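Work through the exercises below with the sequence and the model in view. Try each task before reading its solution.

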Amino acid sequence: MDENQGIIREAAAEDAPQLKVCMQKAYMAYEERMKGKRLPPMDVDYEEEIASYPVWVIEREGEIIGAVILTFDPSCTQVANIAVDPDYQGRGLGRKLLDFAEQKALDRGYVEMRLATHVLLTENAAFYTSMGWEEVGRDDSRVFFKKSLRIKGK
């Protein structure tokens, strides 16, 4: 990854306060659209997340500007949360985080990934579609996606 954009590294417990700020900024951008409703990632205990799940952050000049949280279920890798600080969006960081997550899934032998986004976050849904994700369902508040992964050379 271009170091001007930051480096992706595994999160450590001491990253939790900055990670929370990054996530709150990212999801606060949708506050008006959500009519003041807070999305769940805004209220997560990120110290607990880092202790419980694989979490990677993008760090630039000592500041956390994005992150991805994965879970490895028996049948697939789930993207539990992915976000980029709004001050750094539009620079390919979301794409780099998703590519990184896909490589982590492949490294563990997974051939499918899944994620969900809120139905009102239409630009996120369009982004995932542009990255090769397929919409597989909806409920009242979420759009569900999956992506089949190809092992290199196959």
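**Exercise 1.** Find which residues lie nearest the centre of the largest pocket.

*Solution.* Step one: of the 42 residues that line the largest pocket, Tyr27, Ile82, Thr117, Asn124 and Tyr128 lie nearest its centre. A pocket is an open set of points on a 1 Å grid over the protein atoms alone, with protein on both sides within 12 Å along at least five of seven lines, and lining residues have an atom within 4 Å of a point. Step two: two or more lining residues come from each of helix 1, helix 2 (46–52), strand 3, strand 4, helix 3 (93–107), strand 5, helix 4 and strand 7. Helices (H or I, at least four residues) and strands (E, at least two) are DSSP runs, numbered from the N terminus. Step three: strand 4 gives the largest share, seven residues. Step four: the volume of this pocket is about 1100 Å³, counted as the space filled by probe spheres set on grid points joined across faces, edges and corners.

The model is predicted: local features need pLDDT of at least 70 and side-chain atom pairs pLDDT 80 or more, while totals for chains, interfaces and linings use all residues. Residues are numbered from 1 along each chain as its sequence is written, and side-chain values use heavy atoms, without hydrogens and water.

**Exercise 2.** State the order of the strands in the sheet.

*Solution.* Step one: the open sheet has seven strands in the order 1-2-3-4-5-7-6, with mixed pairing (two strands pair if DSSP finds at least two bridges between them). Step two: strand 1 (7–10) and strand 6 (134–138) are the edge strands, each pairing on one side only. Step three: strand 1 pairs with strand 2 (residues 55–60) in the antiparallel sense over four bridges, and Ile7 stands opposite Glu59 in strand 2.

Definitions and conventions
On a 1 Å grid over the protein atoms alone, a cavity is a set of points where a 1.4 Å probe fits but cannot get out, and a pocket is an open set with protein on both sides within 12 Å along at least five of seven lines; lining residues have an atom within 4 Å of a point.
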